[in-house]
Amino acid sequence: MKFFPSLFEFHNVSFSVRGNEILKSVNCTVLKGEYCAIIGPNGGGKTTLIRLLMGLDKPTAGTIKLFGVEQNKFKAWHKIGYVPQRSALVDANFPATVREVVAMGRYALRGVFSFESAEDRHIIEESMEQMGVSDLCDRLIGHLSGGQRQRVMIARALASHPEVLIVDEPNTGVDVESQHRFYELLRSLHKTRGISILFITHDVGVIAEDISKLFFVNQTLLVSQTPQEMVRCEEISRLYGNPSHVVCHNH
Amino acid sequence: MIEMLSYPFMQRAFAAGLIIAILAAISGSFIVLRRYSLLSETLAHVSLVGVSVGLLIGSNPLWMAIVASLIASWMIEYLRSVHHLYSDSILAIFLSGSLALAIIIVSLAGSFNASLFSYLFGSILSVTNEDLAVMGIAGTAGMALLLLFFKELYFIAFDEEVARASGIRVALLNFMLVSVIAVIIALSIRVVGTLLIGALMVIPPVAAIRFGLGFFKTMLLSIIIALISVIVGLSASFFFSLPSGAAIVLCLLLFFIVALVINLP
């Protein structure tokens, strides 16, 4: 029997803001090698779930473990590549080249007042190449298209050599063609580099065939093994608040 | 030029001005990119409270300015990061509040208007050896901190959330940055003056950003603009008997206009 260690564990996690409950008693586990999606209505708590995972917000109850370690004792944040929701929205005048942005992925791994090592340079080049942004390396990040910026942000996340990639609503402000290319990239990273993937989306159908686990979040959490099981689940309609149909369309 | 540098007061003014120019351009780059430009203006007004208290009680105004500026910077950062108040609102409150306090102290004392004028607009005659020593020590410490955490501060300026998620101690570094800026501003008042130091921090990076370069080149250009402005401004102050701060700021403005014209959209 093959053993898959857990990457993330939520134990009875709740989160409220000024008495307003955003998430209630969430229990879930993401295992190494999984390719997971989080879906749910706007305001249902999807982004909150990710923010709690990344330590950006503190749960009001419950515990979170990362790589088997209590979150408050966890230090190896470089193992998690994080691309937040608004990452493609960059100020057009911000003085940062593509290479400088990708290099940020190495910062947490380098010591204080350290210069880029040969290994750092190699990994930065490799990450840019993998995301197909090497030829843009001297361009300002703010001068790129939404799709290109998205790939740069993924390259930055990859530069820390993560074991898992967390992407929050990757398609915000991105055209349809770029969306498809993006999902191809995620698939490729999962298959070729063995990186576990966890992302928030509204379009499960596009990636339905690849997902190993689907989380449905609307204040509470419902876990299903496959999107097909989720489609059949009457809970979706109940949790969305109105009758819903999920259409799987293969590409 | 050589004659100008033969005067000890000019040597001190140039030494102080060059230290301030480099520190202001580096730290200013971070606050400009974080849309926090008014911080320098606010802390400059707060440092005026320290100067007023120093003159009133007969203590070194420079030390008092550093203390007042540091305390205010921590309060501002605390209100911003812990209480999540809007940055511009907090800065507006501290700016007007500190100016009101400084005016009350000055009017109560009523006897040091001439000295205060040099703190408001800068004076090349006012830099003493003691001031220079304080600038050297505090300036070196400030520069060391900025260089030690340079890449982390850049990451935070670009994307504070991802920097925090990467394990970078954002809250601590934010407090460190505002503390260094508070000290730099307090140190600058002898040369540039409290009312004009904001320009030395903000204009060089804003002008440099217009050239559309990467961060490291932008910062280097920003330092060059600040250095040239200080050298030209201090020289103009010597030759034409102008307040040094005003001369430096006019020079900075010239750079800004040139940067705008060269890089018209």
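Predicted model: local features only at pLDDT ≥ 70, side-chain atom pairs only at ≥ 80, totals over all residues.
Residues are numbered from 1 along each chain as its sequence is written, while chains are lettered from A and ligands numbered from 1 in the order in which they are written.

**First stop: helix α12 of chain B**

Select residues 215-240 of chain B. Helices (H or I, at least four residues) and strands (E, at least two) are DSSP runs, numbered from the N terminus. Next, select Ser241(B), which follows α12(B) and has a positive phi, near 50°.

**Second stop: the nonpolar core**

Select Ile20(B), Ile181(B) and Leu200(B), the residues with the most contacts inside the largest nonpolar core, which has 159 residues. Such a core is a set of buried Ala, Val, Leu, Ile, Met, Phe, Trp, Tyr and Cys residues joined through C-beta atoms within 7 Å. Helix α2(B) gives the most to this core, with 15 residues. Among the residues that Ile181(B) touches, beyond those up to four places away in sequence, are Ser27(B), Ile31(B) and Leu43(B); contact requires C-beta atoms, placed from the backbone, within 7 Å.

Move to Val32(B), in helix α2 (residues 8-33) of chain B. Val32(B) counts as buried because it has 24 C-beta neighbours inside 10 Å; the term requires 20 or more other C-beta atoms within 10 Å, with 12 or fewer for exposed and partly exposed in between. Leaving aside residues up to four places away in sequence, Val32(B) touches Ser37(B), Val202(B), Pro205(B) and Val206(B).

In chain A, display the open sheet of 4 strands, with the order β2-β1-β4-β5 and antiparallel pairing. Two strands pair if DSSP finds at least two bridges between them. The edge strands, β2 (20-31) and β5 (69-70), each pair on one side only. Strand β1 (residues 6-17) is joined to β2(A) by 8 bridges, and Phe10(A) stands opposite Cys28(A) in β2(A).

**Last stop: where the chains touch**

Finally, show both chains: 19 residues of chain A are in contact with 21 residues of chain B. Helix α2 (residues 98-107) of chain A gives the most to chain A's side, with 3 residues.

Technical notes. Contact = placed C-beta atoms within 7 Å.
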